[in-house]
Amino acid sequence: MRQGFTNSELIIFCEQMGMVLKSGLSAFEGILLMKEDAGNQRAEVSRIYEKLAEELEQTGILYDAMEESGGFPDYVIHMVRIGEQTGNLDEVMDSLAAYYEREEGMLQDIRTAVSYPLVMLFMMLAILLVMMIKVLPVFSQVYEQMGSRMSGPAAGLLTAGLWMKSNWGVLIGAAVLILGGAWWLFRTEAGQKCFSKMSQKLMTSRRIMEMISGARFASGISMALRSGMDYDGAFSLAGLLVEKDERMKEKMIRCKKSMEEGENFSGALADAGIMTGLNARMLYIAERTGEMDQALAKIAAQMDEEASARIQNMVLAVEPALVVLLSVLVGGILLSVMVPLMGILSSIG
């Protein structure tokens, strides 16, 4: 199955193509130059450049070549088509590079927010396993020497630890599966895409996801308007960027309906709840000064920064919570062992 360009590869492609076009070279000449540099990259990238060069040599149309190559998202292809038709392809490429830079930064923040707690949880699990398999049996022997037996949660954990010790093959198999899954998730392209989707679903803050979708919407509309599109076409393109967010799609439908009923663009965005407060006011002014695309670009950048800050704060809050949880678990196990033992010792004394 063809995977296409990753976000990082799209950034490089768009930046290089923008520089090529600004230098006065044709898209075909640029692809030939970029293909030479693709030799050290993965095989799929080289295949895409080969297909691009082949199609461009026949048709001379970049968006057709990109569509045939199977390596680009629909949104990128549509934007390149508009850029070629309006003569703004170099600006479109710069805008796409900036968009995917923000997108990659946001995805990295989400990955960090999800992966860090997972690492901490694995560490907690490892510590608990050591206590169950190595530490509790030692205390059990002490109890037996005193003519008593462990009870309560500690006894249950001891039984589980002894079972794991006698069935170490199952434990090793589970560890191999976990490590293999982690390797696939973080080291393979398919795994990284799966992890990105999973990360976004695991984000518990609805406000963060709303800001991410709002930033994508604003960025998409901004690029489309800058390329000379009308609002109908811009909405269609922006819909490709938020197609996985049903709430945003519903808001876009309401916004479009308000515009059909005669409401201006900024007012329709406010009525639909896509933009509120200061952002809505900023767009109201921008619409009257003819700077709507620039205002939307600024709003997209601000939303990205705010979402990133919230994600980082979430990560900072998770760390002490997990440390406290680990301390409570370990402390609870030790207390369940030590308190009865102290009682036995005091009765002997």
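Me: To begin with, how many salt bridges does the structure hold?
Reply: The structure holds 6 salt bridges. Please keep in mind that this is a predicted model.

Me: Which side chain meets Lys35 in a salt bridge?
Reply: Lys35 pairs with Glu50, at 3.9 Å from N to O.

Me: Staying with charge, which residues gather in a patch of negative charge on the surface?
Reply: That patch brings together Glu67, Glu68, Asp74 and Glu243. Of these, Glu67 is found in helix H4 (residues 62-69).

Me: Which element gives the largest share of it?
Reply: Helix H6 does, with 4 residues of the nonpolar patch. Leu121, for example, has its place in H6.

Me: Changing topic: how much space lies in the second largest pocket?
Reply: The second largest pocket holds about 260 Å³ of space. It is lined by 10 residues, and Phe122, Leu125, Leu129, Ala175 and Ile178 are the closest to its centre.

Me: Which helices supply at least two residues each to that lining?
Reply: They are helix H6 (89-145) and helix H8 (168-187). H8 gives the most to the lining of this pocket, namely 6 residues.

Me: And the cavities, how many are there of 30 Å³ or more?
Reply: The count comes to 3 cavities of 30 Å³ or more. The largest cavity has a volume of about 50 Å³.

Me: What lines the largest cavity?
Reply: Its lining consists of Tyr99, Arg102, Glu103, Met106, Ile212, Ala215, Arg216, Ser219 and Asp304. H6 and helix H10 (206-226) are the elements that give two or more residues to the lining of the largest cavity.

Technical notes. Residues are numbered from 1 along each chain as its sequence is written. This is a predicted model: local features need pLDDT of at least 70, side-chain atom pairs count only at pLDDT 80 or more; totals for chains, interfaces and linings use all residues. Side-chain values use heavy atoms; hydrogens and water are left out. Patches are made of residues with over 30% relative accessible area and no salt bridge: like charges are joined within 9 Å, nonpolar side chains (Val, Leu, Ile, Met, Phe, Trp, Tyr) within 5 Å. Accessible areas come from the Shrake-Rupley method with a 1.4 Å probe; for residues, only the protein chains shown count as cover. A salt bridge is a side-chain nitrogen of Lys or Arg within 4 Å of a carboxyl oxygen of Asp or Glu. Lys and Arg count as positive and Asp and Glu as negative; His and the chain ends are not counted. The place of a charge is taken as NZ of Lys, CZ of Arg, CG of Asp or CD of Glu. On a 1 Å grid over the protein atoms alone, a cavity is a set of points where a 1.4 Å probe fits but cannot get out, and a pocket is an open set with protein on both sides within 12 Å along at least five of seven lines; lining residues have an atom within 4 Å of a point. Grid points are joined across faces, edges and corners, and a volume is the space filled by probe spheres set on the points.
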